[in-house]
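Thank you for making the time this morning; I would like to walk you through one structure, and I will go slowly for those who have not seen it before. Please have a look at it first, and then we can go through the parts together.

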Amino acid sequence: LHLLSRRQRQMCIRDSCYTIGEISKKFHLDDSTVYAHIRKYSIPTRQIGNYVYAHKESIDKLYKDIKPL
């Protein structure tokens, strides 16, 4: 059984997820709006340290009609 190191797991998360700040910036939305949409549409998140991550595919699908920066 191969176990990933903590750093490797965090790298995997960063590759497949956005932080709330990245979502806000990319889609021109306020942080509170992003959090509200995440709760409303039950998008899973993961907190690591000071950052909350949401799955990229779910976010891109949710905001597919909003033109990113």
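Strands β2 and β3 pair in the antiparallel sense over four bridges, where two strands are said to pair if DSSP finds at least two bridges between them. Before I go on, please keep in mind that this is a predicted model, in which local features need pLDDT of at least 70 and side-chain atom pairs count only at pLDDT 80 or more, while totals for chains, interfaces and linings use all residues. Residues are numbered from 1 along each chain as its sequence is written, and side-chain values use heavy atoms, with hydrogens and water left out. When I name helices (H or I, at least four residues) and strands (E, at least two), I mean DSSP runs, numbered from the N terminus.

Coming back to the sheet, Arg46 has Tyr53 in β3 as its bridge partner. Three strands form this open sheet, in the order β1-β3-β2, and the pairing is antiparallel. β1 and β2 (45-48) stand at the edges with a single partner strand each, so one side of each is left without a neighbour in the sheet. On average, and ignoring direction, neighbouring strands are turned by 35 degrees against each other. Helix α2 packs on this sheet, touching β1 and β3, and its direction makes about 85 degrees with that of β1; here axes are lines fitted to C-alpha atoms, for helices over the stretch in contact, and angles run from 0 to 180 degrees between N-to-C directions.

Which residues of α2 are buried? They are Ile20, Ile23, Ser24 and Phe27, where buried means under 20% relative accessible area, exposed over 50% and partly exposed in between, with a 1.4 Å probe and protein chains only. They cover an arc of only 100 degrees around the axis, which puts them on the same side of α2, the arc being that of the directions from the helix axis to the C-beta atoms. These buried residues of α2 pack against β1 (17-19), α3, β3 and α4 (56-62). Ser24 has a relative accessible area of 9%, and, leaving aside its neighbours within four places in sequence, Ser24 is in contact (heavy atoms within 4.5 Å) with Leu29, Asp30, Asp31 and Val34.

Let me turn to the core, by which I mean a set of buried Ala, Val, Leu, Ile, Met, Phe, Trp, Tyr and Cys residues joined through side-chain atoms within 4.5 Å. The largest nonpolar core has twelve residues, including Tyr18, Phe27, Ile43 and Tyr63. The elements that give two or more residues to this core are α2 (20-27), α3 (31-40) and β3 (51-55), and α2 gives the most, with three residues.

Finally, the structure holds two aromatic pairs, and rings of Phe, Tyr and Trp (its six-membered ring) pair if their centres lie within 6.5 Å, with planes under 30 degrees apart counted as stacked, over 60 as edge-to-face and the rest as tilted. Phe27 and Tyr63 form a tilted pair, 5.1 Å centre to centre with 40 degrees between the planes, and this pair links Phe27 in helix α2 with Tyr63 in the segment after α4, 36 residues apart. Phe27 and Tyr63 are both buried. The rings of Tyr51 and Tyr53 have their centres 6.5 Å apart and their planes at 50 degrees, so this pair is tilted as well.
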